[in-house]
Amino acid sequence: MRKLLRRFFRNPGAVLGLGLLLALLLLALLGPSLAKDPLEQNLLERLKPPSPEHPLGTDQLGRDVWARVVHGARISLGVGFGVVFLASLLGTAVGLLAGGLGGRWDNLLMRLTDIFFAFPSLILAMAIAAALGPNLVNTVIAVALVTWPIYARLVRAQVLALREREFVEAARALGAGSGRILLRHLLPNALTPVLVQASYEVGAAILTAAGLSFIGFGAQPPTPEWGAMVAETRNYMAEAPWAATAPAVGILLAVLAFNLLGDGLRDVLDPRGR
Amino acid sequence: MGAYILKRLFLVLFVGVGITFVTFVIAQVIPIDPAVAALGENAREEQIREFRERYGLDKPLLVQYGLYLQRLLQLDLGRSLRTGRPVAEDLKEFFPATLELSLAAFLVAVCLGLPAGIWAALRQNRAPDLLVRLMALLLGSTPVFFLAILLLELLHRKLGLLPGPGRLDPYLIPPPPVTGMVTLDALLARDWVAFRDALHHLVLPAFVLGSASAALLARMVRAAMLEVLSQDYIRTAWAKGLAERQVVFRHALKNAALPVLTLLGGLMGGLLSGAVLTETIFSWPGLGRYVTQSATSLDFPAVMGVTLLVGLVYSLLNLLVDLFYALLDPRIRYA
């Protein structure tokens, strides 16, 4: 474990990713109590450039962009983690069942993942969000529903590979039932690739959710969600580029953090990869 | 090989039916009555009843699904509630624009990602490698919609280098539609002015749509090349004094191509569905914009049609890639 940690902290990308993530988390947790009200309008202060009073300027309704970006961090990180939590839970369960039960069940469950894999994910998420009603919770459900198969495939492959190993045989010889072997012996060992994938997927989920909000299927104005903010302010790019750029940079940094973290985790946990 | 193809084709069919089932279930979740949605709030009782009977909406759900599949076999995707036209006709009209855009984006991804990945692998941990990795990381993390807005603002509004949204200058007469892809149609009609203009309109959306894929491709190519370049036979190739060009292109690239190839099918499929955001921003009259507008007005026959079409194209592309793979790698064929 200490060796792994040392390897992780010697990887500059991983450290940068972790630092970025911690900064964003801190912002999401503490920021809202430091910044102004993200919904307070002041039409006399429309589209003002950054100033000591408004560090990132104001938008077309005179709202403080910094306050909105800070509140958006909480939303986007929440959506990202929520999606990955739901999707990895569902995907891991399906993969574990498929790999553990084998035979007909395996075939059935894997064909099910094939179907969800072939779905154009953004379009499916859009359809689900449209059907359930456009809001943040439904965005999380929609994106989780289109991303779970990747975990199912990963876990199944791991279970199939691990099933033949000696420690499983030893457990079986000691009289452990198949349920116990699956949950206590196979699952913990199958989670490494899930962890790496989950790190990338938080970033991907943040991007997808922001895209959905941008075209109106996610968070609705005036919610300070990053994608929705870019959509609201895109027509003011010429007069007030900061209003749309600030939330976009927020998305960029959050996604970057999880991509760097994913690369770092992969390097540490899977020495074969580069 | 024949049995393999047949089995895979059967799987594509299965996935297609699965897609229709899932979308059908989603369409049942909407809290809005399709009859009321189609006829309007002020429709009379008997009008609604008649509509329900005509479209089988009064039957049990499984029967409705059966009816839907039956119509599907006759290529009848139903009628769009929004445009009032058969969905199949809408798809025929909007698909070529999406195909044109995603093919162009695919070209962008390959032309940028492939050389960048090779270059980075050959100069591992030196300036070119670091530059490519940084660019790939940044492009892969940038929200596509903001990239589009930013480039439109800079290259179109500020510098005037490239045209804005749309496929063709409104003052130009569009070439007679043959393929539905404006660039190709202009070429076929030998209308060079329209061709130049259509190409100019294509550059920005194609770059925006292809950028994330280019980043992904560069990363994959780099990893695959590094894997191959560390092999013994490459050292032998260097040792016997072959030129870099020969080592790279004749020995390394061929073997690195296989893992990259599997990625390409998924990449093209991803572009088709990723076109949603790009098309919306660039007012590109393709499937993405069509499905966005349809979903907004809860026009589920249209959404189901697009989902099915894109899902099937995606599955077929993957099948094609797998077959190609089997052709190139005998280990797969005889496994």
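**Briefing: chain A, chain B and their interface**

Chain A has 10 helices and zero strands. The model is a predicted one. Chain B touches chain A through 45 residues, which meet 41 residues of chain A. Between them, the two chains bury about 3,600 Å².

**Chain A**

- From the N terminus on, the elements of chain A read α-α-α-α-α-α-α-α-α-α.
- The C-alpha trace of chain A spans about 75 × 45 × 30 Å along its principal axes.

**Interface: area**

- The size of an interface is often given as the accessible area lost when the parts come together.
- Of the area that chain B and chain A bury, 80% lies on carbon and sulfur atoms.
- In chain B, the residues that lose the most area to chain A are S141(B), F145(B) and F146(B). Together they account for 15% of what that side buries.

- How many salt bridges are counted between chain B and chain A? The count is one.
- D263(A) and R219(B) meet in a salt bridge through their side chains, at 2.7 Å from N to O.
- Two residue pairs are in polar contact across the interface of chain B and chain A, both at pLDDT 80 or more.

**Interface: the chain B side**

- The elements of chain B that give two or more residues to the side touching chain A are α1 (2–29), α6 (127–141), α7 (144–158), α9 (192–229), α11 (244–281), α12 (287–296) and α13 (300–328).
- Which element gives the most to this side of chain B? α1(B) does, with nine residues.
- By class, the residues on the side of chain B that touches chain A are 28 nonpolar, 14 polar and three charged.

**Helix packing within chain B**

- Two packed helices are described by the angle between their axes and the distance between the axes.
- Helix α5 (residues 87–122) of chain B packs against α11(B) at an angle of about 145°. The axes of α5(B) and α11(B) are 8 Å apart.
- Is the crossing of α5(B) and α11(B) right-handed or left-handed? It is right-handed.
- α5(B) makes the contact with F95(B), T98(B), L101(B), S102(B), L103(B), A105(B), F106(B), I118(B) and L122(B).
- α11(B) contributes E244(B), V248(B), L253(B), L264(B), M268(B), L271(B), L272(B), A275(B) and E279(B).
- The residues of this contact of α5(B) with α11(B) comprise 14 nonpolar, two polar and two charged.
- α11(B) is also among the elements that give two or more residues to the side of chain B touching chain A.

Conventions:
Residues are numbered from 1 along each chain as its sequence is written. Chains are lettered from A and ligands numbered from 1 in the order in which they are written. This is a predicted model: local features need pLDDT of at least 70, side-chain atom pairs count only at pLDDT 80 or more; totals for chains, interfaces and linings use all residues. Side-chain values use heavy atoms; hydrogens and water are left out. Contact means heavy atoms within 4.5 Å. Buried area is the accessible area (1.4 Å probe) that two parts lose on being put together, summed over both. A salt bridge is a side-chain nitrogen of Lys or Arg within 4 Å of a carboxyl oxygen of Asp or Glu. A polar contact is a pair of N or O atoms within 3.5 Å; within protein, one must be able to donate a hydrogen and the other to accept it, and residues adjacent in sequence count only if both atoms are side-chain atoms. Helices (H or I, at least four residues) and strands (E, at least two) are DSSP runs, numbered from the N terminus. Ala, Val, Leu, Ile, Met, Phe, Trp, Tyr, Cys and Pro count as nonpolar, Asp, Glu, Lys and Arg as charged, and the others, Gly among them, as polar. Axes are lines fitted to C-alpha atoms, for helices over the stretch in contact, and angles run from 0 to 180 degrees between N-to-C directions. A crossing is left-handed if the near helix is turned anticlockwise from the far one by less than a right angle, and right-handed if clockwise.
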